[in-house]
Amino acid sequence: MAELYVPRLATQDEMTSPDGSVRPHWKQFVGMLDELGRDELRSRWDMARRLIRENGITHNIYDNPDGFSRPWNLDLLPLLLPVSQWQQVSDGLVQRARLLNALLADVYGPATSLARGVIPAELIYANRGFLRPCHGHRPPLGQWLHLYAADLVRCPDGSFQVLSDRTQNPSGSGYSLENRIILSRVLPSMFEECGVLRLAPFFIAMRQTLAALAPANRENPSIVLLTPGPYNETYFEHAYLARYLGYTLVQGQDLTVRDCRVYLKTLGSLQRVDVILRRVDDNFCDPLELYSQSFLGVPGLLQAIREGTVAVANAMGSGVLQAPAFLPFLPSLCRHFLDEELMLPSVQTWWCGDRESLAYVLNDLARLVIKPALPTRGTDPVFGHELSRSDLDALAAKIQAQPYAYVAQEPVESFMAPVLLNGDVQSRRFVVRAYLAAVDDSYTVMPGALTRVTDAPDSFVVSLQRGGGSKDTWILGQGPVSEVSLLAPASAPVVLSRGGSDLPSRVADDLFWLGRYVQRAEAVVRLARCVFNRLTDPHALENPQAMQVLIDELLIHGDSLPATAPEIAAVMFAAADPSGLRRATNEFHTLARVLRDRISVDAWRILEAIERQTADSNNELRQVEEDQIDKVLDRFNQFMTGFLAFGGMAADSMTRGLSWRFLDMGLRLERGIGVAELIRALLAEEHAEERFLLDALLETADSSLTYRRRYLTQLEPAAVVDLLVADETNPRSIAYQLAGIEEHLARLPRESTHPQCNRDQQQALQLRTTLRLTDVAAICTPMHGRRDRLELFLSEVAEQLELISKLVSQMFFNHAAVSPHLLGSEKAY
Amino acid sequence: MRYKVRHSTEYYYGESVPLCHNLIHMSLRQTARQQLSSSELTITPLPSARHDFVDFFGNPTTWVCLQEPHDGLRVEAQSEVQVDVPAPADTPQTPWNDFAERLATDTSLYAQKEFTFASRLVELSRELAEYARPSFPPGRPLLACIEELTRRIYEEFFFDSSATTINTPVLEVLEHRRGVCQDFAHLEIGCLRSLGLAARYVSGYFATMPPPGQARIAGADRSHAWMSAYIPELGWVDFDPSKGTSVTDKHITIGWARDYEDVSPLRGVLVGGRRHSMIIGVDVEPLEPLVEGDDQRSGD
């Protein structure tokens, strides 16, 4: 690889010395890459990309219609750093974290830094991140900053400087973990032989720190990870970290404050929460006392914190220090609080609120990088060298109008790092995000980092939002590396727990609908497969009217009737068509994403694959020729395999807890409703070609074999209806679904277990009785060419099943769905 | 002057509300010219949890949680208070622009400086500075400048309770020259802050006189608001732009902060009860005869 790569000579390079030789700490790695060869490297890269797709590693790009769940962009080449170099950086980072923690305690307490004039008032009082209601808080153990991250750049002399401090709720440590897992699978031998330091000890320390925050005498504390939800940029990471750390992933509406304590709303009860790891910005965490328009948080949370019944990490208000305006003041703050010199410098930063700095900045504007000094929404840094004369003048005027709102940073001629792009090695600028966790009264640094690279060789902006990529970061140790992993705890004591009722109501709701949507999509595929089987069958041409009945049931069509197979295929795979598959798969896919931490990796893969195949089909199969119908059929068969796998997994691999019950109940209700409606559509009217429809009905309802075993070739409507509706031994019949639903209902947590007290159970019992007492033969007898009694009966069955669905929602999900809102305020006159 | 002040806020939800959290700023603040002899805040139904504390700005604050289903909420503050006329002082001569410069550079004034920045309901702008400018010629003493600005707002703006809501931006008030006391307080605060001066919002009541020959109608008063400016040598001095004057012993203070949002009398988040109605009753009862003042404008 060394010969593939010619770094830009103008700047320093991570891998190559200015004389063109490979730097010592890269030699082993580069040698191993050369051994692999170019083709092998490419196939490893493909494997990495496949792993990313299959594991659903995504991040969301805002303001972009295709930006939702973009696959994560990982470069195959890690950034290598020798442990000796990293140790030096780590020492500086630890000092910085201690300093920022002390500063937070001061800002929300005695404010000596203000009183002694170490920092100007603007940094606090003009800073939206300063949350006045948090003033006077006393977080447990004096820890304000539990998790801290710093973005580092490497200067021409090889030293690192801090570009920005992340104190709000640093993101990316989960992605760096995922990067590591993928690279260690794709490049296993290199990973082993290079002596890469493991990440797990860092996460173990982080878990201990969070557990120690729990209010006194709470053994086995309950810790939740609070996420803004699936539309957040890094939702994947939230779900991933929650699962990795063993925390419950919750949204604000899953929590409630009662008696000044925070509780998780589960099906069974309210469960006390001791510690909240928040990925929601602090100002959005309590609409009562903080930003009132946000309901991402929990009303009343601040009082619970003041009472000490719950701890939040990072402490509320920590975002204040994310303001770049603090950077120039850190050296004097370090002397003020720690009586030490700042070890790890920031990139040279000028705060324009200082008059001398302002004069310097205005003079050198064309050379500097201008940023907002205090938190503002969505403002990118401005590079002076990219601006025209008039733009520079406009910028200068803006700065002069409100100098304290701006900082300027010296541009850093940073190092370049090699990246592998489509088999070629190129160089990119990069920023290393390092992570720290509080440990007692100091900090520990993650031996690794999330390295992000620019999206183009001449670009200076590192932004995943703009399409830049990421790298794993290997800290190369000198000795043997001990095996520690959170993924497979070898000797850690396990706390035994049995599938209890700690299922959050919202999650139960989502699982229920996941079941319904998956089944709905499966029903579409079954019917479509049945139609396409017949489209290629010459026998079908003899039954054109019956064929049309089937097609009508499959498609909700507009003005023109699709008649040919290619036309029908086009509708099925069109992205926007209401009868298409895309809509059905989109619906379950969205839910599956929210439930990432609740369904198994295999379940996720199955659903992800179906969704992806549907999307691919849109391109591949929308325009097929008449003689390519086999391809369409193949695709439907693939889908069916997926659905069967999902059903099998739900049946065989899920523990019989509440999660499974709600998922299965959704599946069964939808299946029952689907069967009732299909029979009604096909048999309400008497057809001359009825045998053809009965046959299709049995095939779609997956009951052909059972029927033939009982009745051989005799196709009778009453026998078919009996098998599909009332036969409790046929796993596809409505009666069979209902039996399962009754069983589930009986096992749900409720105040009274007596069926008579619960409307949903009553309803199910009533429906079962109806099914048992109905004379199927009688209602299937046609009168004047119609089966009105059958039609009426089936619509009642479908309605009653929907009613059960509604009752379950009301009884079990309702309090999750009710969102809080603001009381009207009184005006002063 | 002694008063008995009663302020009640009642909400009717129209449906049962299972959970409601409130933050209340209705208890009077003890100040240099305002002595409380009693102060009581009653919440009905009885809250499941209640905490009385002092907020960041030093205002008495009450946090309550109602977690039993209820279909209404009543919060009533009752207090007896002695309010004095602000003591006359020497007229300070510091030119306003000298003080603005000091605020900008002297780090020992950090506490005052907090009130020079924009807040959510008071954005700063060139328009506000321009409006204030005629009253602020360079070299004129700060006190005189603010007195004139207060008078101008009183004369140039119309009381119109239908013109604004709680969220009407100050610039819109400036443009239409209409609003209520809360808008005028925000406007004057915005003017001063846009010139680099320190100003804060004061929430309270104003004791009104019944028309001559008529008896006082209990419960017919309303909340009032004005503003306070920092003047070197004097400290914080209150001015009432809806009266055009500095404050008197008819101004009773609840508390102060950056703007209305920090000290709104009652803030609440509830589950259910989306279509609620609100009834406010304020009664400021003088416990000694009120002296005829210059509160010419009725209704505000």
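How many of the 14 residues of H6(A) are buried?

## Helix H6 of chain A

In this predicted model, 11 of the 14 residues of H6(A) are buried, so the helix is largely enclosed by the rest of the structure. The buried residues are A:Ser173, A:Gly174, A:Tyr175, A:Ser176, A:Leu177, A:Glu178, A:Asn179, A:Arg180, A:Ile182, A:Leu183 and A:Val186. Their cover includes helices H2 (38-54), H7 (188-193) and H9 (235-245) of chain A, together with strands E18 (424-439), E20 (450-453) and E21 (469-476) of chain A.

The helix covers residues 173-186, and at 1.5 Å a residue it should span 20 Å. The C-alpha atoms at its ends are 20 Å apart, which agrees with that expectation.

## A:Arg132

A:Arg132 belongs to the loop that lies between helix H5 (122-125) and strand E4 (147-154) of chain A. Because A:Arg132 has 19 C-beta neighbours inside 10 Å, it counts as partly exposed; a residue is buried if 20 or more lie within that distance. Between A:Arg132 and A:Tyr108 the C-alpha to C-alpha distance is 8.1 Å, and the two are 24 residues apart in sequence.

## Chain B overall

Chain B contains 7 helices and 15 strands. Its radius of gyration is 20 Å, close to the 19 Å that the globule rule gives for 300 residues, so chain B is as compact as a globular protein of that length. The C-alpha trace of chain B spans about 60 × 45 × 35 Å along its principal axes.

Of the 300 residues in chain B, 46% count as buried. When contacts in chain B between residues at least 6 apart in sequence are taken, 76% join residues at least 24 apart.

## A four-stranded sheet in chain B

Chain B has an open sheet of 4 strands in the order E3-E6-E1-E15, with antiparallel pairing. Strand E3 (34-44) and strand E15 (277-286) of chain B stand at the edges; each has a single partner strand, so one side of each is left without a neighbour in the sheet. On average, neighbouring strands of this sheet are turned by 10° against each other, direction ignored.

E3(B) and strand E6 (residues 70-83) of chain B run antiparallel and are joined by 10 bridges. Within E6(B), B:Glu76 is the bridge partner of B:Thr42.

## Contact between chains A and B

On the chain A side, 31 residues are in contact with 41 residues of chain B. Strand E8 (255-258) and strand E22 (820-822) of chain A each supply at least two residues of this side. By class, the side of chain A that touches chain B has 17 nonpolar, 8 polar and 6 charged residues.

Key. Residues numbered from 1 in each chain as written. Chains lettered and ligands numbered in written order. Predicted model: local features only at pLDDT ≥ 70, side-chain atom pairs only at ≥ 80, totals over all residues. Expected span 1.5 Å × (residues − 1). Buried ≥ 20, exposed ≤ 12 C-beta atoms within 10 Å, placed from the backbone. Contact = placed C-beta atoms within 7 Å. Rg over C-alpha atoms; globule rule 2.2 N^0.38 Å. Nonpolar A, V, L, I, M, F, W, Y, C, P; charged D, E, K, R; others polar. Pairing = 2+ DSSP bridges. Axes fitted to C-alpha atoms, helices over the stretch in contact; angles between N-to-C directions.
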